[in-house]
Amino acid sequence: MSRDAHLYPLRHTDVDPNDDRLWNWAQNAQIGSRHQVQRPTSEAELQELMCQSRGTIRVIGSKLSPGRMLHVSEQDLLLDLSAFRGQIASDEQSVTFGAATPLDQVYRSLTAMNRMLASSPGVIAIQTLAGAMATGTHGQGLQQSSIADEALAIRMVLTDGSVREFTRGEPDFPAAQVSLGALGIVTAVTLRTEPFRIFTCHKNAVSADTLEQDLLRWNEEYPLSKAWWFVDDNRVHVWNAHEATDDERLRYEQQDRQVVEHEGQTDDSLNDTIDQTLAHMHRDTQIQGKGGKQFRTVTRFRDFTDVTGDIYQLFCRGIAVPQINVEIGVPLTKTPAIIRRIKQWYAENRPHMHYPIILRCTGASSAWLSPASDQPTCFFGFVVYYADDGSLSQEGLHFLTEVEKLLADEGGRPHWGKYYDADRYNWREIYPQWDAFRALRSQLDPHGRLGNDYIAPLFD
């Protein structure tokens, strides 16, 4: 297998649903076999299972992660925690959910209680709560950080079968927030909540000439901001959201809490850019006609309708399509200089752009292994979609490789749940608490039973 095939595996399009082989969601990696999956129905069953088993153990979650995070050998165990779903308890300030509760269910439950998380959601809501936390999933806006930063307590079953609850304020809590599944099996999470709020999102297309300054300004002026940078045409599609006015909130409530669309002028300034991007994607994916979901992620950039809704209705708009997704977080203070570097590199090399660069900023995270740990961070996201036959655009992958080099050189930290080249990072240098996390892992899992070929090289 070539190095590129290891980093960016091809997708298997002929998987037999009756086959014993178990694949990750993108079907680009086998993670084990179906007969290796155990489904405990209670915490007591899980404790017994941890005591009785002897090999490596990994939780499969929603299987959205790259296969390397989930894969186990033939003699090892895969855990399906789907029984650990739903709301367990609540009070005026917090709600406790089972670890395998999908994020969309978390959001629906909170909304029904007139509560919300301070953190903006990730775009894909089929993730499990524990999986999203373990990989550092985040949204957009400097007034918040990752979902894990809203945790008040994290309950785990350890490899010896004992139960430990990590509580905010304890010395080890920042390790448990983003743990990569390497400390214990999370069974429940208590999240702090705040009163339900409504936002109005404004959509605009602007020149990227001053993106270095504009991106920071947007994030300072608006609690929620997200941008898509079409480098080919030097254009940016940006969403900036502020808390809704009283009139906007009233209209939203009168419309039974459905998204309110505001009338306004149309904007066709991105049409040529969108058409060019679609042409690239059609060529790269070999899909003719209008295509599938991946093309809707681009055509929606024609829509400049301002909308009012809750944080989930506005920003949890991801379309789950098999893809290679690379996302690197860099210090916010370095972001203007990095944007200039990308502009210069692009001008010199004219790389093939498969999809716009996604820009999201967050506040500092308290989690030791969050890519935003201890510093406001700007995340640069890059996508290459799979072709119908499971192949990938080599030009698109070349772009991913080169831009990751650039961002890693600037002290970038990769999103754990996406694709990256581990050889480009010195973990101890970019994560000040790396050794403290390793020490806790050795204490809680002395035999490395929660490791695999991905986890062990990271920490051992």
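Modeller: A crossing of two helices is right-handed if the near helix is turned clockwise from the far one by less than a right angle, and left-handed if anticlockwise. The model here is predicted.

Colleague: Is the crossing of α12 past α13 left-handed or right-handed?

Modeller: Take the geometry to begin with. The axes of α12 (335–349) and α13 (394–409) come within 11 Å and cross at roughly 145°. The hand of the α12 crossing over α13 is right-handed.

Colleague: Which residues of α12 make the contact with α13?

Modeller: On the α13 side, the contact is made by F399, E402, V403, L406, L407 and D409. An α-helix has 3.6 residues a turn, so residues three or four places apart point the same way. The α12 side of the contact consists of I338, R341, I342 and W345.

Colleague: How many nonpolar residues does the contact of α12 with α13 have?

Modeller: The class count has no polar residues. Charged residues number 3. The nonpolar count for α12 against α13 is 7.

Colleague: α12 also packs with α7. What is the angle between them?

Modeller: Two packed helices are described by the angle between their axes and the distance between the axes. For α7 (211–221) and α12, the axes are 8 Å apart. The crossing of α7 and α12 is right-handed. Their packing angle is about 145°.

Colleague: Which residues of α12 meet α7?

Modeller: From α7 the contact takes L211, E212, L215 and L216. By class, the contact of α7 with α12 has 5 nonpolar, 1 polar and 3 charged residues. The α12 residues are T335, P336, I339, R340 and K343.

Colleague: What volume has the largest cavity?

Modeller: The count comes to 2 cavities of 30 Å³ or more. W229, F230, V231, D232, T277, H280, M353, H354, Y355 and P356 line the largest cavity. The volume of the largest cavity is about 50 Å³.

Colleague: How many charged residues line the second largest cavity?

Modeller: The second largest cavity has a volume of about 40 Å³. Its lining is H352, H354, Y355, F382, V383, V384, G396, F399 and L400, and the elements giving two or more residues are β20 (377–385) and α13. By class, 6 lining residues are nonpolar and 3 are polar. The charged count for the second largest cavity is none.

Colleague: Which element gives the most to the lining of the second largest pocket?

Modeller: The second largest pocket holds about 710 Å³ of space. Among its 25 lining residues, H6, L7, G67, R68 and Y454 are the closest to the centre. α1 (3–7), α3 (67–70) and α16 (455–459) are the elements with two or more lining residues. The most, 4 residues, come from α1.

Colleague: S65 sits in the loop between β4 (57–59) and α3. Why does S65 count as buried?

Modeller: S65 touches N24, L70, T135 and G417, leaving out residues up to four places away in sequence. The cut-off for buried is under 20% relative accessible area. S65 is buried because its relative accessible area is 16%.

Colleague: Which elements do the buried residues of α4 pack against?

Modeller: α4 spans residues 103–112. Its buried residues are L103, V106, Y107, S109, L110 and T111. They pack against β6 (87–90), β7 (94–98), β8 (115–116), α5 (129–134), β11 (185–192) and α11 (311–315).

Colleague: Which residues does N114 contact, beyond its neighbours within four places in sequence?

Modeller: Q213 is 99 residues from N114 along the chain, and their C-alpha atoms are separated by 36 Å. With sequence neighbours within four places left aside, the contacts of N114 are E194, P195, F196 and R257.

Technical notes. Residues are numbered from 1 along each chain as its sequence is written. This is a predicted model: local features need pLDDT of at least 70, side-chain atom pairs count only at pLDDT 80 or more; totals for chains, interfaces and linings use all residues. Side-chain values use heavy atoms; hydrogens and water are left out. Axes are lines fitted to C-alpha atoms, for helices over the stretch in contact, and angles run from 0 to 180 degrees between N-to-C directions. Contact means heavy atoms within 4.5 Å. Ala, Val, Leu, Ile, Met, Phe, Trp, Tyr, Cys and Pro count as nonpolar, Asp, Glu, Lys and Arg as charged, and the others, Gly among them, as polar. On a 1 Å grid over the protein atoms alone, a cavity is a set of points where a 1.4 Å probe fits but cannot get out, and a pocket is an open set with protein on both sides within 12 Å along at least five of seven lines; lining residues have an atom within 4 Å of a point. Grid points are joined across faces, edges and corners, and a volume is the space filled by probe spheres set on the points. Buried means under 20% relative accessible area, exposed over 50%, partly exposed in between (1.4 Å probe, protein chains only).
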